[in-house]
Amino acid sequence: DSLDTVDFILDAGPCSIGIESTVLDLSSPQPTLLRPGFITHSAIEAALRRTVLKAAVEAAGDNRLPSPGLLARHYAPSRPVRLSAKNRKPGEALLAFGPQAPTGPDILNLSPTGNLTEAAANLFRMLRALDRPPFTAIAAMPIPDDGLGEAINDRLRRAATPPAS
C-alpha cells in the first residue's frame, strides 16, 4: 500500500458553492473567523449573538496555521491577477462581474446578473479557464464586499498576492 498512488477519484460534478468552506475558531472565548465562506461573517455574528473577530492574513511559508487556506497566497493562478479592474489592459483576460460588464471572447463573467452565489460557484473554474496563453495576466472586476462577496474577495486577494521569493 503506497500513499503516493490513488486508486480512483470520485467526481460529483461542479460544486454548487464553489469556494471552500467557512472556518470558525471557537477554541477561545472570542470567536474568530479564520476563513470566510458561504456562511457569512454577519450570519455567524447573528447566530452567535456576539462579535466575531476576523483572522489576519498570514505570511507565506508559515506552517503553523490554524486552518487551511490562510496563507497570503492561496489557490492562485500562474498569471498575475489585477484587482478592481474596470477594463482590460493589453494581454489581459477579464474576469467580469455583473450586468454592466463588457462582453467579448477574452472575458468570462462570474455572474451576468450580479448574483454572488453564482459568482462564488464560478470563481475557481473561471480563474483556471483564463490562466492560459495568450493571456499574460487576469484583470478582475470589483465584487461587492458584502455577504458572500467577502469570501469571493478574500479568494481574489489571495490569488492576486505575488509569489514569495
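This short talk concerns a few side-chain pairs and contacts in the structure shown above, which is a predicted model.

I begin with the aromatic residues. The structure holds one aromatic pair. Its partners are Y75 and F124, arranged edge-to-face, with 5.5 Å from centre to centre and 70° between the planes. Y75 sits in the loop between β3 and β4, while F124 belongs to helix α2, so the pair ties together parts that are 49 residues apart in sequence. Are these two residues buried or exposed? Y75 is exposed, at 52% relative accessible area, whereas F124 is buried, at 13%.

A76 also lies in the loop between β3 and β4. This residue is partly exposed, with a relative accessible area of 30%. Leaving aside residues up to four places away in sequence, A76 touches R158 and A159.

In one of them, R155 meets E20 at 2.5 Å, N to O. R155 is in helix α3 and E20 in the segment before β1, so this pair ties together parts 135 residues apart in sequence. Both R155 and E20 are buried.

A further salt bridge joins K54 and E150, at 3.0 Å. K54 is in strand β3 and E150 in helix α3, 96 residues apart.

Finally, R79 forms a salt bridge with D131, at 3.2 Å between the closest N and O atoms. Salt bridges with shared partners also join E20, D154, R155 and R158 into one network.

Definitions and conventions:
Residues are numbered from 1 along each chain as its sequence is written. This is a predicted model: local features need pLDDT of at least 70, side-chain atom pairs count only at pLDDT 80 or more; totals for chains, interfaces and linings use all residues. Side-chain values use heavy atoms; hydrogens and water are left out. Rings of Phe, Tyr and Trp (its six-membered ring) pair if their centres lie within 6.5 Å; planes under 30 degrees apart count as stacked, over 60 as edge-to-face and the rest as tilted. Helices (H or I, at least four residues) and strands (E, at least two) are DSSP runs, numbered from the N terminus. Buried means under 20% relative accessible area, exposed over 50%, partly exposed in between (1.4 Å probe, protein chains only). Contact means heavy atoms within 4.5 Å. A salt bridge is a side-chain nitrogen of Lys or Arg within 4 Å of a carboxyl oxygen of Asp or Glu.
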